[in-house]
Amino acid sequence: MNLTLKVWRQANSESKGKMETYQIADVSPDMSFLEMMDVLNEQLMTQGIDPIAFDHDCREGICGMCSMFINGEAHGPDRLVTTCQLHMRKFKDGDTITIEPFRARAFPVIKDLAVDRSSFDRIQQAGGFISINTSGNTQDANAIPIDKHDADKAFDAATCIGCGACVATCKNASAMLFVSAKVSQYSLLPQGKVEATDRVMNMVKQMDEEGFGNCTNTGACEVECPKGISLENIARMNREYLYASVKG
Amino acid sequence: MTLVASSIGRKVAMALSGIFLVLFLTQHFSINLLSVFSKSMFNQVSHFMGNNPVVQFILQPILIFGVLFHFVMGFVLEIKNSKSRKVKYFTYKGRANASWMSRNMIFSGIVILSFLGLHFYDFWVPEMNYKYVEVLPLDQNRYFDELVHKFVSPTRVIIYVISFIFLSLHLFHGFASSFQTVGVNNKYSVYIKKITTTFSIVVPFGFIFIAIFHHLR
């Protein structure tokens with residue numbers, strides 16, 4: 001496959017970036033998108049051009065590091081996959097592909113396609129945990145009966161890898177799908193109910209302070225989420241937030 | 001952070017004012033529909049709504065506040081949301097993952113707001129003038145003729161038709177969305193979506209039918 005790539009290049013967080021056009025030849029349809037980027041970077045380096053910076057780590061869809069906005073969609077045109085799981089067979093020979101960083105005020109560009117998603121870390125630090133002692137005196141997991149439906153929903157919410165595709169794809173750059181998944185994965189389980197009130201209040205407060213937009217229920221985040229996190233989590237977070245606000 | 005200052009609090013306020021306006025729209029539509037079936041009944045109900053002190057001095061101010069609140073909060077949220085992404089995408093394929101209605105609520109809202117300006121000019125201003133400025137005598141039989149008179153102009157009817165199409169698009173997303181915002185997303189949500197579709201078609205197109213019906217009479 002021969003492709004034309006329009007890639008966002010930005011030297012650092014302070015500089016003004018722009019789209020650059022590159023040609024790449026002999027791309028195998030079996031390559032992952034990131035492998036194609038690796039080949040492009042080798043090509044650029046042999047030409048004496050600075051390689052394109054992009055986030056990646058596990059390359060098997062579980063770490064949440066890869067973060068490209070490809071042809072107008074977070075993680076590209078495929079569904080329920082991260083960029084590292086996207087394969088070049090999803091494109092046609094001769095295609096022009098635009099590649100941009102995840103864009104949000106709360107995700108400033110570090111360089112090229114790499115963005116700073118530490119705002120997610122700060123939201124997690126604000127309440128995305130349970131304060132129990134797990135060192136040596138851990139209770140047997142089966143000692144606390146948990147409804148199968150709740151356990152399944154909590155597990156589904158916990159599959160969120162925090163990649164930020166929800167923010168990137170939302171027209172308002174809202175982080176509510178991410179935050180609601182983190183709220184839900186704890187609040188559905190007995191161990192998480194103890195701190196449920198503080199958790200939702202603190203995490204939403206931090207989310208607002210980071211400068212994310214507001215959810216308008218377009219549902220785009222749910223469609224583009226590589227892990228299929230449901231909007232049901234946002235409704236749950238809203239319920240919990242209202243309850244926590246009233247409870248005080 | 002207080003509830004009203006938080007993102008969720010503002011969204012919930014927006015949703016609740018939207019649900020309130022849906023209830024008002026249902027009541028307004030029911031009364032207008034009477035004009036198709038019975039002139040005297042429409043006059044009777046309109047006279048009651050126009051002169052009952054509870055409606056006039058309690059419900060009407062609440063309604064005006066609800067309308068203003070919904071629009072002002074809509075703009076406040078839109079401005080905040082637009083600031084959340086300073087650098088826009090070179091390519092953004094919104095239609096790949098969300099409906100046109102959900103992505104353009106501010107646009108359909110502005111059309112509805114413009115229409116409300118015309119609607120106030122057509123009905124509310126003359127009504128206030130009749131009752132409180134000129135203080136003309138009570139006339140229980142004037143409402144139907146005033147309504148029909150407004151729909152003589154084809155231009156006005158066309159504006160009404162276009163505006164109600166945008167209201168329909170606004171409701172298609174807004175009605176079900178408001179329930180999601182207040183935390184309702186469960187096995188009954190499928191019925192909320194069905195009610196949303198039915199309401200979004202029946203009420204706006206019902207208003208359109210009434211306008212065209214009186215224009216053609």
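Predicted model: local features only at pLDDT ≥ 70, side-chain atom pairs only at ≥ 80, totals over all residues.
User: Why are helix 1 of chain B and helix 7 of chain B called oblique to each other?

Analyst: Helix 1 (residues 7–37) and helix 7 (residues 154–181) of chain B pack at an angle of about 135°, with their axes 9 Å apart. Angles over 145 degrees count as roughly antiparallel and 65 to 115 as roughly perpendicular, with the rest oblique. Helix 1 of chain B and helix 7 of chain B are therefore oblique.

User: Which residues make that contact of helix 1 of chain B and helix 7 of chain B?

Analyst: Helix 1 of chain B brings residues including B:Lys11, B:Ala15 and B:Val22, while helix 7 of chain B brings B:Gly174, B:Phe175, B:Ser178 and B:Thr181. By class, this contact has 5 nonpolar, 4 polar and 1 charged residues.

User: What makes domain 1 of chain A and domain 2 of chain A count as being in contact?

Analyst: Good one! Residues are in contact if their C-beta atoms, placed from the backbone, lie within 7 Å. By that criterion, 18 residues of domain 1 of chain A are in contact with 16 residues of domain 2 of chain A. The C-alpha centres of these domains lie 29 Å apart. On the domain 1 side, the residues divide into 10 nonpolar, 5 polar and 3 charged.

Key: Residues numbered from 1 in each chain as written. Chains lettered and ligands numbered in written order. Domains from an automatic or database assignment. Contact = placed C-beta atoms within 7 Å. Nonpolar A, V, L, I, M, F, W, Y, C, P; charged D, E, K, R; others polar. Axes fitted to C-alpha atoms, helices over the stretch in contact; angles between N-to-C directions. Helix = DSSP H or I, 4+ residues; strand = E, 2+ residues; numbered from the N terminus. Parallel < 35°, antiparallel > 145°, perpendicular 65-115°, else oblique.
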